[in-house]
Amino acid sequence: MAIRSDLVFEALHTLRNRYMLCQLASKATRRFHRPNTRIQETMNEVLVRIADADRTQVLGEPEKVAEAQRRAA
């Protein structure tokens, strides 16, 4: 298994905004986590999935993403 910083770096190629990456990774980790497993492993799996995904799959609705970024700023 890779070091988490390497996984984050690879995921940043798909989702360049670090804030959005943190938001997406935390929501996905909570959603995909299974009882009796380590949360760290779930987070690593999520980061691998983000890194392997196509950018358009991750950002399905660009209008809402842009609006969320404006509100967060």
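**A pocket and the helices around it**

Let us start with the second largest pocket, which holds about 160 Å³ of space. A pocket is found on a 1 Å grid over the protein atoms alone: it is an open set of points with protein on both sides within 12 Å along at least five of seven lines, and lining residues have an atom within 4 Å of a point. Grid points are joined across faces, edges and corners, and the volume is the space filled by probe spheres set on the points, the probe being 1.4 Å. Please keep in mind that this is a predicted model, where local features need pLDDT of at least 70 and side-chain atom pairs count only at pLDDT 80 or more, while totals for chains, interfaces and linings use all residues. Residues are numbered from 1 along each chain as its sequence is written, and side-chain values use heavy atoms, leaving out hydrogens and water.

Lining this pocket are R4, V8, L12, R18, L21, C22, A25, S26, T29, M43 and L47. By class, seven of the lining residues are nonpolar, two polar and two charged (Ala, Val, Leu, Ile, Met, Phe, Trp, Tyr, Cys and Pro count as nonpolar, Asp, Glu, Lys and Arg as charged, and the others, Gly among them, as polar). Helix 1 (4-14), helix 2 and helix 3 each give at least two residues to the lining, and helix 2 has the largest share, with six. Helices here are DSSP runs of H or I with at least four residues, numbered from the N terminus.

Now for how these helices meet. The axes of helix 2 (residues 18-32) and helix 3 (residues 39-52) come within 9 Å and cross at roughly 125 degrees; axes are lines fitted to C-alpha atoms over the stretch in contact, and angles run from 0 to 180 degrees between N-to-C directions. Helix 2 and helix 3 are therefore oblique to each other, since angles under 35 degrees count as roughly parallel, over 145 as roughly antiparallel, 65 to 115 as roughly perpendicular and the rest as oblique. Where they touch (heavy atoms within 4.5 Å), L21, L24, A25, A28, T29 and F32 of helix 2 meet I39, T42, M43, V46, L47, R49 and I50 of helix 3.

Helix 1 packs against helix 3 at about 30 degrees, with axes 7 Å apart, and the two are therefore roughly parallel.
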